[in-house]
Amino acid sequence: MNESKNDSDDVTPYLWDRTGEVEPDIEQIEDLLAPMRLSGGVDWQRVDDAAVVVRAAKKPRSVVVPLFAATLAIAAAFASYLVAREPTQVAETPPATPSSERSAEALVVKSAVPDNGVAPERLTCAALGSDSQWPAQPAPAGMRFRAASGTPMCDGGTAGKDGLVPKGVWLETDAATSVTLDVADIGHVDVAPGSRVRVVETNDKEHRLELGRGRLHAKIDAPPRLFFVDTKAATAIDLGCEYEMEVDAEGAGVLKVKLGYVELEPPTAASPEERRPPRLVPRGAECIIDPTHGPGTPVWSRSPESLRADLARFDRAGDAVALARVIDALGPKDTLTLFYIVASRAPEAERAAALGKLLAVQKAPAGASRARTLALERKAIQAWREALEPRWFPKEKP
Amino acid sequence: MNAPGATVGELVLRARAGHRDAFDALYRRFAGAAHAIALSSAPASEAHDIVQDAFVSGWSHLDELREPDAFGGWILGIARRRAVDFRRRQKRRGGPTDELRESSAIAAPIPTPEAKEALSAILALSETYRETLLMRLMEGMSGPEIADVTGMTPESVRVNLCRGMKLLRERLDGGAR
């Protein structure tokens, strides 16, 4: 934009790279702040301390074995007590047979015996082997999985080729492993290699996963708002669709919608001023997730790479110059992105430019005057969204 | 030892192989910008700690970085999130509200009242301007260095410096400095 160019021309050599004539006021500020400049190097002691903690966290399997045995014994005693006390529970109590290791695990699941640092209700994946017909305990709530390749890890241990991931337990795939999760009878989720996923909830009202890191592909055929995927910085709400979601360990990632549409919500922990409104991401569109700011600005996946990169710069760091380039590059079939720029907290000059482009293809809806829209009045923004949504499905799709 | 002029990608690959000197070199290159970013959101007393925390995390998760050349954006993103997380935790504990962020950020070892005033004026600016100005005025980075380290285009850095400095002068002049 011209304004940006003019501003660029005004940067003095001293402000730019400390060449040219010294500007006393800038030099004074430099002198005042210099004592606060970062000094020193990497605190390797801290790195080593952290590594010890990580190793200790990964080690407990050697500790868990005796703990597990002890817990098993206590649990078995507790089970005997229950048998004697509650005859009606006998049928649900596992027989002490060699094949009951799984049932013992189930008992551990139910046991309140503390296990020194491991959550009292720590669960483990239950394999569904040939003896899975054993009916003793109702299966804990979870999702069935089957490995398409390799062998997943469950809560730190090998999970087998198929089985059940109980609520609360992390399922991890290494570089050679991929897994399919059944989401009750409404669809399935393919978990890619190098991923970490957890079943948060699964019942007839809500099926919710948490993607810690990695990539998943969800295909769901169900009423809207029944299937959710949480990440550190956003929640994907299924509105009847197929999509891919990828995040790194910090929560940075991207959502790409293949069919239907998904709503991407910011995390509830964010403060009101940090929260961004939910993003509707229709088929053929994608939306980055920034760990700090949450969902970014939806954009058609067909858009040029340079445009999407500029949009990401705006979403991640508020780069107004990159945003100006985005707005310049957007066309009449990009009302999806234009709308979310108008509805954002970008500088008003950029939002006004985006609104101008919107008005070139869509008459302002009732109650959404230019002033009200730029003032981000909720009703005006909602009116714009309702007016534009039909374009995002049949017309603007790739 | 690291070859002089080694690229960021080369340093990351060496660091992944366990060479601490390579990670030290990455720290020297990016820690100043990370410090400016941390100070932009968190108290000065915590900013150094946040930088160390970010680099400890970076060292632990270096294998998860797909593009070694993208280390800069990645480590600065970690620092930014650590700083924001700190602020959120403060809020949940009933700490200062966002409106008081700048006074919270300067409630730390600031050398002089004049320095406190200058820092307070910078922290009152929007995030983009305050981060860029802190890199330039406090960390002593030049415009090209800021562009190189942050991944912003030189044009964006120029605009941020220009607009930010203009607003800063207005604030300081308005404060009868």
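This is a predicted model: local features need pLDDT of at least 70, side-chain atom pairs count only at pLDDT 80 or more; totals for chains, interfaces and linings use all residues.
Let's start with Arg225(A). Arg225(A) sits in a loop of chain A, between strand E10 (207–220) and strand E11 (227–230). Look at its backbone. Phi of Arg225(A) is near 65°, a positive value in a residue that is not glycine.

Next, Ala184(A). This residue also has a positive phi without being glycine, with a value near 45°. Ala184(A) lies in the loop between strand E7 (178–183) and strand E8 (187–191) of chain A. Its count is 15 C-beta neighbours inside 10 Å, so Ala184(A) is partly exposed.

One more loop residue in chain A. Pro347(A) is placed between helix H9 (335–342) and helix H10 (348–361) of chain A. Pro347(A) has 17 C-beta neighbours inside 10 Å, and therefore counts as partly exposed. Which residue do we pair it with?

Leu323(A) takes us to a helix. Leu323(A) is one of the buried residues of H8(A). Helix H8 of chain A covers residues 320–329. How much of this helix is buried? Eight of its ten residues are, so the rest of the structure largely encloses H8(A). Here is the list.

Now, how confident is the model in chain A? Mean pLDDT for chain A is 76. Of its residues, 72% reach 70 or more. Where does pLDDT stay under 50? One stretch is residues 57–123 of chain A. For that stretch the model has 56 contacts beyond four places in sequence. Another is residues 128–139 of chain A, where pLDDT also stays under 50. There the model has 15 contacts beyond four places in sequence.

On to chain B. What is chain B built from? Helices: there are nine of them, and zero strands. Along the sequence the pattern reads α-α-α-α-α-α-α-α-α. Chain B has 177 residues, and 51% of them count as buried. What about contacts across the sequence? Take the contacts in chain B with a separation of 6 or more. Residues 24 or more positions apart account for 64% of these.

Let's look at two helix pairs in chain B. First, H2(B) and H7(B). Their axes are 9 Å apart, and the packing angle is about 135°. That angle makes H2(B) oblique to H7(B). The crossing of H2(B) past H7(B) is right-handed. Which residues meet? From H2(B) we have Gly32(B), Ala33(B), Ala36(B), Ile37(B), Leu39(B) and Ser40(B). From H7(B) we have Glu127(B), Arg130(B), Glu131(B), Leu134(B), Met135(B) and Met138(B). By class, this contact of H2(B) with H7(B) has seven nonpolar, two polar and three charged residues. An α-helix has 3.6 residues a turn, so residues three or four places apart point the same way.

On the H8(B) side are Gly143(B), Pro144(B), Ile146(B) and Ala147(B). They meet Pro154(B), Val157(B), Arg158(B) and Leu161(B) in H9(B). The contact of H8(B) with H9(B) divides into six nonpolar residues, one polar and one charged.

Last topic: where the chains touch. How many residues are involved? From chain B, 52 residues are in contact with 41 residues of chain A. Several helices of chain B each supply at least two residues to the side touching chain A. They are H2 (20–41), H3 (44–60), H4 (71–92), H6 (113–123), H7 (127–138), H8 (143–150) and H9 (154–174). Which helix gives the largest share? H9(B), with nine residues. And the make-up of that side of chain B? It comes to 23 nonpolar, 14 polar and 15 charged residues.

Terms used
Residues are numbered from 1 along each chain as its sequence is written. Chains are lettered from A and ligands numbered from 1 in the order in which they are written. Two residues are in contact if their C-beta atoms, placed from the backbone, lie within 7 Å. Helices (H or I, at least four residues) and strands (E, at least two) are DSSP runs, numbered from the N terminus. Ala, Val, Leu, Ile, Met, Phe, Trp, Tyr, Cys and Pro count as nonpolar, Asp, Glu, Lys and Arg as charged, and the others, Gly among them, as polar. A residue is buried if 20 or more other C-beta atoms lie within 10 Å of its own, exposed if 12 or fewer, and partly exposed in between; C-beta atoms are placed from the backbone. pLDDT is the predictor's confidence in each residue, from 0 to 100. Axes are lines fitted to C-alpha atoms, for helices over the stretch in contact, and angles run from 0 to 180 degrees between N-to-C directions. Angles under 35 degrees count as roughly parallel, over 145 as roughly antiparallel, 65 to 115 as roughly perpendicular and the rest as oblique. A crossing is left-handed if the near helix is turned anticlockwise from the far one by less than a right angle, and right-handed if clockwise.
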